[in-house]
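Please keep the structure in view while reading the points below.

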Amino acid sequence: MIDAAWLLIAIPLVGAAVLLLAGRRANAWGHWLGVIASGASFVVAALVLIAMLGREASDRVVDVHLFDWLNAGPLNVEAGLRIDPLSLTFVLLVTFVGTLIHIYSVAYMEHDADRRRFFAYLNLFVAAMLLLVLADSYLLLFVGWEGVGLASYLLIGFWNHVPANATAAKKAFIVNRVADVGMIVALMLMFNTFGALDFSTVLTAAPGMADGGKLTAIALMLLVAACGKSAQFPLQSWLGDAMAGPTPVSALIHAATMVTAGVYLVVRSGPIFTGAPNALLVTAIVGAITLLFGAIVGCAKDDIKKALAASTMSQIGYMMLAAGLGPIGYAFAIFHLLTHGFFKAGMFLGAGSVMHGMDDSVNMRGFGALSKFMKVTWITFGFGWLAILGIPPFSGFWSKDKIIEAAFAADGGHGWQPWVFGSVALVGAGITAFYMSRLFFMTFHGDKRWAQELSDGSELPVRHPHESPALMIWPMIILAVGSAGLGGVLAIGGGFTTWLEPVTGPVAHHEPVLPVAVIMVVTLVLVLVGAFLAWRQYAASAVPVEPPVGSALTRAARVDLYQDAVNENLLMRPGQYLTRSLVYTDKKVVDGAFMGLAGVLAVIGSGVKRMQNGFVRSYAAMMLAGFLVLVVIVLFVWN
Amino acid sequence: MIAQAAQMAAAPGGFVPPEVAWFALTPLIIVISAGVLGVLVEAFVPANRRRVVQVIMAMAALAAAFAVIVWQGVSWFGEGGSGGVVVLGGVLQLDGVALLFQGLVVLMAFFALAVVIDRTSTKQDAFSPSAASIPGSEYEELARRLGLVQTEVYPLLMFAISGMMIFPAAGDLLTMFIALEVLSLPLYVLSGMARRRRLLSQEASFKYFVLGAFASAVFLFGAALLYGYSGSVKISEITTMASTVVGGGAPDHWELLWLVGILMVISGLLFKVGAVPFQAWTPDVYQGAPTPITGFMAACTKIAAFGALLRLIYAGGFSGTPDMLEAVRIALWVVAIATMIVGTVVGATQTDMKRMLGYSSIAHAGFVLVGILSFNGAGIKAVIFYLLAYGMATVGAFAVITLVRETGPGGEVLGEATHLGQWAGLGKRSPWLAGCFSVFLLSFAGIPLTAGFIAKFSAFSAAVEGTEVLGNATVLAVIGVLASAVAVFFYIRVIVIMFFMSPAETVVESVVETVDVAVLEPVVVGVGQGVANAAHTSVVVATGAPAVVVVRSEGPSAVTITVMAVGILVLGIFPAPVLDLIARMTGIG
């Protein structure tokens, strides 16, 4: 079965191709084809999992050779798949959550004229994402990496008739290009250092490297790539705008799967990072900054999807932090990634369901008291909320608590690191509880604010909130079950971390600077305090329909802590000036020279063309003369 | 009994039956038999069924021949294979290179044939209903009304293909000459059979024939001189002779004999290749011949002729002396440089699609010569891959041209719309067709991710590598890269016209002037004047160009276009398997 793993990628790829090529003929059934393609891929994944579980733990890293891809001198790249617990975890997450979201989209996109194209892109995304995680070399991974970038770009700008959406797509595209440069440089350094790009060579050779400088450089460049894809500081600015895409896209790509590819990259490159402690430290710092950054931004956003996006950023910050802790954190990073994939996708689908009922409004200040109208959405969203807060026994508790513990044991429990990273993770948990509860209460509790008068006398549009159709509800329910139970089930006896051992190695023994029980209790207390503050402000008291002016921090958080302004002044403006001057040079100097050359060529051309006069006699004469000239030249030059 | 017979046969003065390797000859026999049977079909099968029978037989023959070639490849070059066969005492050298060329010819011919048989939605093929009739005569009109079909096209094609299969495998100059004639004569006839613009077509046919006969004479004279020099027509023996006699110092009489002889033989081959200064016929014939035939000969003739050239120059595995190779090298350097420059520079000024592709094929001949002039193993492989890439793009591009037609005042579909300006806006009306055509053009231009890029890259890098004895051909590679850059201009220009110009910008429809087109033929007869004037026309067509329509393929052409476009992209992205195959068959690592 494992040999048939290529089917995982081939099925959705064929699905995408059929949907794109069949054109309007497929409009009637195209979306179901999309669902089936994704579902079939999940079935294959499940079969591969069974085959994998039947093997010894030491035997669970399988390289499946597909074909010789590039044979260019010293560079030999074979296209192949690596099936191991890490990639399989991702494959199952992508195909399972992906299939649910496909089903959800059938109803969500029902009234969209371009539903078939949407499903084609979704299939394309699934194929590219699976290629990314299954690749057995960095080069093939890069193909998938670009593929998911393309799918993400196409889907963010899916409603590109709205200029803002097209701009958002472009922004994501450009920020990701910056990250790609990191990836390409990493590939080049890798080839220079190891002479190969496949995992088995590179990752085996990396620990034995005497020259730490090169490893650090490679790891830092990989980190740049990871930051772009995973919306980590300082390349996080695109994720909020990416919410312009349809909500199922936000759930699948910008919450559960693609944005976590950066974490995958770091964990997959574990041996490189482990050999470069400085790069690990940078990774942890980036994660810590992002987790606070996202949490603060999340507190101020009134757009339900953007608040969720900020939360995604912050949660991936947790994963990055965990990955940055090295061997004590790799497994927990993936564990949190998995549980997060479930509860965040569930909450995004919940947000989509709310939008569906509220005429596509995303302004939480116009929501409130929806729990009475959308019971299922409320409960399933509530499960996700409890999970992200880390309330036992919900999923998030098991994974996030481990990360906080590990953070308190950073750097072997010596020096400043455990205290700083531990505190950040701890505080982050408190803020997370605040903003997620704020989101939850503002949407589902308090007064209903969708029929209030605004201060300028105009009324908010009247809305008729209603529960969504069954096709949307069932995926939410299934994800809610996952949010509730998955973490606990996988945490039994450290089952999940043991499963990952063939890739990440066993979780190193670590001793937090504080007793585990204390950390756990403090975390829970902070979470409860955060949730209580949110309840007092957004459920117990009235929420103003128009956002209050707020403190300086709130205002800063609303505009993503001035990230866009920084980017604009630091990068965009100088870039534009440079481009303009280049265009000027190109027009005046290069084009001038080129047009001049073209003119000369045209003159020569028409001169030679005159010899082409159509008369056989002159053609024959030309041949004879040409031959004689040849003989003369040879006699002249020869010896 | 048999042993006795054999003894008797072996007796001195008795007849010795030659050993014939029938298996090795099978593909050739299949194709020639299809041609011979095709002639019988013309005689015995009722007219209304001839076309079907001919088409099926021709397609089946080519498919079967290709299958046998693959089989031969597997059995000779697989595990423990013999690595090739020498047939009839060295008349045919069926080694890996020859087999690759034969396979290439048959494969390209198969797809070119698919374009020939496609009558499109107009239900008319590209050939005159009665090629022997005088253009504009009542007899011609009668033949057209009766719906006659010239099915002789198919046996003629089969004979031409069989000649092309012998050409790159020929082991001596006489066989090579016979192959040259066998492949040429049918092409002369086919060139003159166009359904529309018949005078132009017949003129092309006549020019091709006269110039071709001239080139054949040059070839034959060269062969005679070489025989006089070495006492043999076998390429290997001539080479051996040359390597013993030709030494340093100024060439004496014998060396002059050899030199003029070899240059004449090479010139004869360069004529078929379409290299400067033997290129003059190319644009005229490409333009005049029926478009499916143009596609066929542009691809297959060039492949076969380069195969022969390769065999002549590389025969016996570089056994010639450095001096001898040096002489050939000097001549071919001059030819290659001139060919690349003339092909691209003049091509850039063309306004007719078929003429433009004609000049493009001249330029490509120059690029292939660069690969040959590397004088190393990588060059041989590069040449073969280049011809594959070039052949695919050529067959596909001419197939596209057969589908883009002019319409008359009453909306009836006329001949091909070959003026560049008439292609404006094609990208909007037929995005798939225009997309495929763009793929072919990009491959011609050598843009990465197409087969053309890999081809150019391998040819030029082989030239830069060169050999120890003869040095490298970096200068040629540089000129080649520059010429490619110029060529990019005229390929991309077509893409720009197709996708970014609207028909209104280039074509002004005018019913009064479309009448002119109907009587265009006599006007174009004097291509001399026509071309002299064309020097002043720009890309943008003047008023009076008729409306343009894309006709639907019956199927085969569409398949050809799709297969070629996909093939070019696949070869551009995953060239490794084909490169490996070529390396294995040629035995060059």
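In this predicted model, three strands of chain B form an open sheet in the order E4-E3-E5, with antiparallel pairing. The edge strands, each pairing on one side only, are E4 (413-416) and E5 (548-550) of chain B. From one strand to the next, the twist averages 45°.

**The sheet and its helix**

- Strands of a sheet pair through backbone hydrogen bonds, and the pairing is either parallel or antiparallel.
- Strand E3 of chain B, residues 404-407, is joined to E5(B) by 3 bridges, and the two run antiparallel.
- Within this part of the sheet, Arg405(B) stands opposite Val549(B), a residue of E5(B).
- Helix H15 of chain B (residues 377-403) lies across E3, E4 and E5 of chain B, and it runs at about 20° to E3(B).

**Chain B as a whole**

- Chain B contains 25 helices and 5 strands.
- Chain B has 589 residues, of which 56% count as buried.
- Among the contacts in chain B between residues at least 6 apart in sequence, 80% join residues at least 24 apart.

**A pair of packed helices in chain B**

- Two packed helices are described by the angle between their axes and by the distance between those axes.
- Helix H7 (residues 173-191) and helix H8 (residues 198-230) of chain B pack at an angle of about 175°, and their axes are 9 Å apart.
- Because angles over 145 degrees count as roughly antiparallel, H7(B) is roughly antiparallel to H8(B).
- The residues that H7(B) brings to this contact include Leu173(B), Phe177(B), Leu180(B) and Glu181(B), while those from H8(B) include Tyr208(B), Phe209(B), Gly212(B) and Phe219(B).
- The residues of the contact of H7(B) with H8(B) comprise 11 nonpolar, 6 polar and 1 charged.

**A buried helix in chain A**

- Helix H14 of chain A (residues 304-324) has 21 residues, which at 1.5 Å a residue should span 30 Å; its end C-alpha atoms are 30 Å apart, in agreement with that value.
- Of the 21 residues of H14(A), 21 are buried, so the helix is largely enclosed by the rest of the structure.
- Just after H14(A), Gly326(A) takes a positive phi of about 85°.

- Most residues other than glycine have a negative phi, and most peptide bonds are trans.
- Lys123(B) is not a glycine, yet it has a positive phi of about 60°. Lys123(B) is found in the loop between helix H4 (96-117) and helix H5 (138-146) of chain B. With 8 other C-beta atoms within 10 Å, Lys123(B) is exposed.
- Leu449(B), also a residue other than glycine, has a positive phi near 75°. Leu449(B) is found in the loop between helix H17 (431-445) and helix H18 (451-465) of chain B. Leu449(B) counts as partly exposed, with 14 C-beta neighbours inside 10 Å.
- The peptide bond from Pro392(A) to Pro393(A) is cis, with omega near 5°. Pro393(A) is found in the loop between helix H16 (375-389) and helix H17 (395-407) of chain A.
- The peptide bond from Val276(B) to Pro277(B) is cis, with omega near 5°. Pro277(B) is found in the loop between helix H10 (253-273) and helix H11 (281-288) of chain B.

Definitions and conventions. Residues numbered from 1 in each chain as written. Chains lettered and ligands numbered in written order. Predicted model: local features only at pLDDT ≥ 70, side-chain atom pairs only at ≥ 80, totals over all residues. Axes fitted to C-alpha atoms, helices over the stretch in contact; angles between N-to-C directions. Helix = DSSP H or I, 4+ residues; strand = E, 2+ residues; numbered from the N terminus. Parallel < 35°, antiparallel > 145°, perpendicular 65-115°, else oblique. Contact = placed C-beta atoms within 7 Å. Nonpolar A, V, L, I, M, F, W, Y, C, P; charged D, E, K, R; others polar. Buried ≥ 20, exposed ≤ 12 C-beta atoms within 10 Å, placed from the backbone. Pairing = 2+ DSSP bridges. Expected span 1.5 Å × (residues − 1).
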